[in-house]
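I opened my notebook and went through this structure piece by piece. These are my entries.

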Amino acid sequence: MIQARRLTKKYGNGVLALENLSLHIEKGEFVFLVGPSGAGKSTFLNLVIRREIPTDGFLSVAGRNVTLIKKQEIPLFRRRIGYIFQDYKLFPNKTVGENVSFALEVIEVDPMEIRDRVNFVLDLVGLIHKTEVFPSELSGGEQQRVSLARAIVNRPLLLLADEPTGNLDPDTSWEIMELLREINRRGTTIVMATHNREIVDRMQKRVIALEKGRLVRDERKGGYAVEA
Amino acid sequence: MKLRTFRYFFREAWRGLVRNRLMSLTAMGTITIALMLFGVFCLFTTNLQYFSNLALGRIEIRAFLSESARNYELLKAEIQAIPGVQRVKFISKEEGARWLEKALGNKGLFLGGENPLPNSINVYPARGANVENIARQVQRVAGVDEVVYGREFVRLLHIIVRLIWVIGFGLLFLVMLAVLYIVVNTIQMTIYARRKEIEIMKLVGATDWFIRWPFMLEGIMLGLGGALIAVIIVLEAYAFLNNRLGQVSTVLSLLTRAEITPYVIGGFFGIGIFFGALGSLLSVKRYLSI
Ligand SMILES: Nc1ncnc2c1ncn2[C@@H]1O[C@H](COP(=O)(O)OP(=O)(O)O)[C@@H](O)[C@H]1O
Ligand SMILES: [Mg+2]
């Protein structure tokens, strides 16, 4: 699903955010991307979704060389990838239902199909009864579930999550992790950048650790840190 | 693109206008003022052109004949043969006197004394002919004493018309830049308010045109609104002034409102739409590069 070889990203301001990163993520995998703040986790995800362009090296996503994607091909490319953020990025003036259907409206899906798909994902994240509610009336965990619903309503092959539990308490974090595990079980590849040691340790999934833009560890069923 | 999508575009554009009510009104007002300036300038120059064409078309060369000249028909034929001459007309000294009396409003000017006027031939140049050239050739015809025409007037008219076009276009250019600047700023307020929305749209795979359309429509609506007000004001003011001018002077004949209406409407709406759309495209550009 994702293949990186000697991937390097240097920002315009001279910051070397990723350096010679090589890794391979298979279809259907669940991968944690860990490392201290500033290690380059978000940069990697932004390269995958083609918000940034690699400075050097090779990166392919879903069989496409990201560097070679033309500007007008980006929208179609992104429709196969879901993205969730630490701060949910919901629209406060849209209801839960509208927030989710927005992702389908902008790619001009038929109204009937929009309704079906929105109901399906809201049911999946357990918020079907809150369709008409505004985000401000929801808890943090519920808001993240809405953003998760929006990310998967387009049935992406790949789901990228950038510290999705960063603003949540442990219990709520686990609700989100359960949902991610379920989505992954249904076949979506998931790459999740996180700081959350407890979650990584308990999930026992593949762990890729970055430090100062370099890959320092890639373990099949790892913990957040290497045991001493 | 689907009809439903266009409804969405219109709704979003309208929301943008309403959200930034004050700025939108300011932008529309600016467009109105700019278009009015543009309109006043265009109407002034086209009328000047129109008037000068009329005036040039009416210009006549008067060839005063010497006392000895008697064969008027031959003289007429000779002058008529000069290239650029459309028509000639013999004016006897009596006719000349009557005309002068009428023009001066003084009946019986020559009643007592001798009529001092010579016989003359009026030469009417064809439209666009070189008046100076013709005058020179008429002068050379044997039997012609003196040639009179509005040489200075012709030259001045040409210079004025040209000068006004040059100055006007310089001003116009500045005005249009100002309009563009204001439109860009207005649309940018809307875009700024919706930059997060744009970011999400880009991430879920909306195309750039899908994102641009609402802003384009918003800009176009600003342009149309500004143009509509400008059209109404300019046409009404023009009719009013034309009417007043008609009362004051019969010499100054302007284009009628009916004659200018299609051009004012077409020009104003065209310019309004163009600058509205261009302004919004320029302002949305920066936000699409993610
Ligand atoms: N758009 C950007 N422009 C310049 N520097 C950036 C940009 N984004 C991130 N960086 C820098 O790149 C480094 C890696 O950042 P990031 O990928 O956000 O790390 P992480 O997500 O692991 O905390 C940091 O030093 C950060 O300051
Ligand atoms: Mg980050």
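**Entry 1: around the ligand.** I began with ligand 1. Its surroundings are Tyr11(A), Asn13(A), Val15(A), Ala17(A), Pro36(A), Ser37(A), Gly38(A), Ala39(A), Gly40(A), Lys41(A), Ser42(A) and Thr43(A). A residue counts as near if one of its heavy atoms lies within 4 Å of the molecule.

A note on the source: this is a predicted model, where local features need pLDDT of at least 70, side-chain atom pairs count only at pLDDT 80 or more, and totals for chains, interfaces and linings use all residues. Residues are numbered from 1 along each chain as its sequence is written, chains are lettered from A and ligands numbered from 1 in the order written, and side-chain values use heavy atoms, with hydrogens and water left out.

Next I looked up atom pairs. A polar side-chain atom of Thr43(A) is 2.5 Å from an oxygen atom of ligand 1. A polar backbone atom of Lys41(A) is 2.9 Å from an oxygen atom of the ligand. Tyr11(A) has a polar side-chain atom 3.4 Å from a ligand nitrogen atom. Alone, ligand 1 exposes 560 Å², and the protein buries 64% of that (Shrake-Rupley method, 1.4 Å probe).

Which element gives the most to the shell around ligand 1? I found that H1(A) does, with 3 residues. Helices are DSSP runs of H or I with at least four residues, strands are runs of E with at least two, and both are numbered from the N terminus.

**Entry 2: Lys41(A).** I stayed with H1, which spans residues 41-48 of chain A and holds Lys41(A). Lys41(A) is buried but has no salt bridge. Buried means under 20% relative accessible area, exposed over 50%, and partly exposed in between (1.4 Å probe, protein chains only). A salt bridge needs a side-chain nitrogen of Lys or Arg within 4 Å of a carboxyl oxygen of Asp or Glu. The nearest side chain of opposite charge is Glu163(A), at 4.2 Å. Lys41(A) also touches Glu163(A), and its other contacts include Leu33(A), His195(A) and Leu210(A) (contact: heavy atoms within 4.5 Å).

Entry 3: Most residues other than glycine have a negative phi. Glu163(A) sits in the loop between S7 and helix H6 (170-185) of chain A. Is Glu163(A) buried or exposed? Glu163(A) counts as buried because its relative accessible area is 13%.

Tyr88(A) also goes on my list, with a positive phi of about 65°. Its place is the loop between strand S6 (81-85) and helix H3 (96-105) of chain A. Tyr88(A) has 10% relative accessibility, so it counts as buried.

**Entry 4: Asn122(B).** I moved to chain B. Asn122(B) lies in strand S3 (residues 120-125). Its relative accessible area is 5%, so Asn122(B) is buried. Its side chain makes a polar contact of 3.1 Å with the side chain of Arg62(B). Another, of 3.4 Å, goes to the side chain of Tyr124(B). A polar contact is a pair of N or O atoms within 3.5 Å; within protein, one must be able to donate a hydrogen and the other to accept it, and residues adjacent in sequence count only if both atoms are side-chain atoms. Asn122(B) and Ile91(B) are 31 residues apart in sequence, but 7.0 Å apart in space, C-alpha to C-alpha.

**Entry 5: H7(B).** Last, I checked helix H7 (residues 195-203) of chain B, where 7 of 9 residues are buried. Just after H7(B), Gly205(B) takes a positive phi of about 95°.

Note on methods
Lys and Arg count as positive and Asp and Glu as negative; His and the chain ends are not counted. Lists of a residue's contacts leave out its neighbours within four places in sequence.
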